[in-house]
Amino acid sequence: MGGLSEERPGSVTPGWALELLREGRVARLATADAAGQPLVVPVCYAWDGHHCYSAVDAKPKRTRQLRRLRNIVQNPHVSLVVDHYEEEWSRLRYVILEGRAEVLTEGSELAAAVALLTAKYPQYQVLGLPAEPATVIKLIPERILPWRWG
């Protein structure tokens, strides 16, 4: 996890948190525009052990000019929350990634991100998530903040 800091200096990201990042099915991406107006949206994502990737896919949307993309261009600071909720609260846990985001629209990293997302979500095979042209948000974490009950 080179270059990442966590809430507790000298601590290591626990295995359960890394597993939640790998196996989680949905996350919430928080962006803000240049004026600081926040936006939080649920996203499908893939974690490669260093970065998170989320595609702008073919699911129905009002527009392809998404506010989250405009926000990232104006203000690249983002947070991503992956959580696990159960009625038995002793099983609650979450991981917050804080960092910067980039919008990928071409190149080998974009193709690798699309391959990760397609492998994780079979729905993308049906929807057709092409490597070109595609738009993928890359989150570069600077801090990982894990929490769980007990």
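**Reading the aromatic pairs and the core**

Modeller: Let us begin with accessibility: W147 counts as partly exposed, because its relative accessibility is 34%, where buried means under 20% relative accessible area, exposed over 50%, and partly exposed in between (1.4 Å probe, protein chains only). This is a predicted model, in which local features need pLDDT of at least 70 and side-chain atom pairs count only at pLDDT 80 or more, while totals for chains, interfaces and linings use all residues. Residues are numbered from 1 along each chain as its sequence is written, and side-chain values use heavy atoms, with hydrogens and water left out.

Colleague: How many aromatic pairs does the count come to?

Modeller: Rings of Phe, Tyr and Trp (its six-membered ring) pair if their centres lie within 6.5 Å; planes under 30 degrees apart count as stacked, over 60 as edge-to-face and the rest as tilted. By this rule there are 2 aromatic pairs. Y94 and W147 form a stacked pair, with 5.4 Å centre to centre and 20° between the planes. Y94 belongs to strand β7 (residues 93-104) and W147 to strand β8 (residues 136-148), so the pair ties together parts that are 53 residues apart in sequence. Helices (H or I, at least four residues) and strands (E, at least two) are DSSP runs, numbered from the N terminus. Y94 is partly exposed, at 30% relative accessibility. Y121 and Y124 form an edge-to-face pair, with 5.8 Å centre to centre and 75° between the planes. Y121 is buried at 4% relative accessibility, and Y124 is buried with a relative accessible area of 4%.

Colleague: Over the face of which residue does K120 lie?

Modeller: A charge sits over a ring if NZ of Lys or CZ of Arg is within 6 Å of the ring centre and within 35 degrees of the ring normal. Here K120 lies over the face of Y45, at 3.8 Å from the ring centre.

Colleague: What does T118 touch, not counting residues up to four places away in sequence?

Modeller: Contact means heavy atoms within 4.5 Å. With those sequence neighbours set aside, T118 touches Y124, Q125 and L129. T118 lies in helix α3 (residues 108-120) and counts as buried, because its relative accessible area is 18%.

Colleague: Which residues have the most contacts inside the largest nonpolar core?

Modeller: A nonpolar core is a set of buried Ala, Val, Leu, Ile, Met, Phe, Trp, Tyr and Cys residues joined through side-chain atoms within 4.5 Å. The largest one has 38 residues, and those with the most contacts inside it are L29, L80, V95, L97 and L117. Leaving aside neighbours within four places in sequence, L117 is in contact with residues including C44, Y45, Y124 and L129.

Colleague: Which residues of helix α2 are buried?

Modeller: In helix α2 (residues 67-74), the buried residues are R68, L69, N71 and I72. Seen down the axis of α2, they fall within an arc of 160°, so they line one face of the helix; the arc is that of the directions from the helix axis to the C-beta atoms. Their cover includes β2 (27-32), β3 (38-43), β6 (77-84), β7 and β8.

Colleague: How many helices and strands does the protein chain have?

Modeller: The protein chain has 4 helices and 8 strands, in the pattern β-α-β-β-β-β-α-β-β-α-α-β along the sequence. Of its 150 residues, 39% count as buried.
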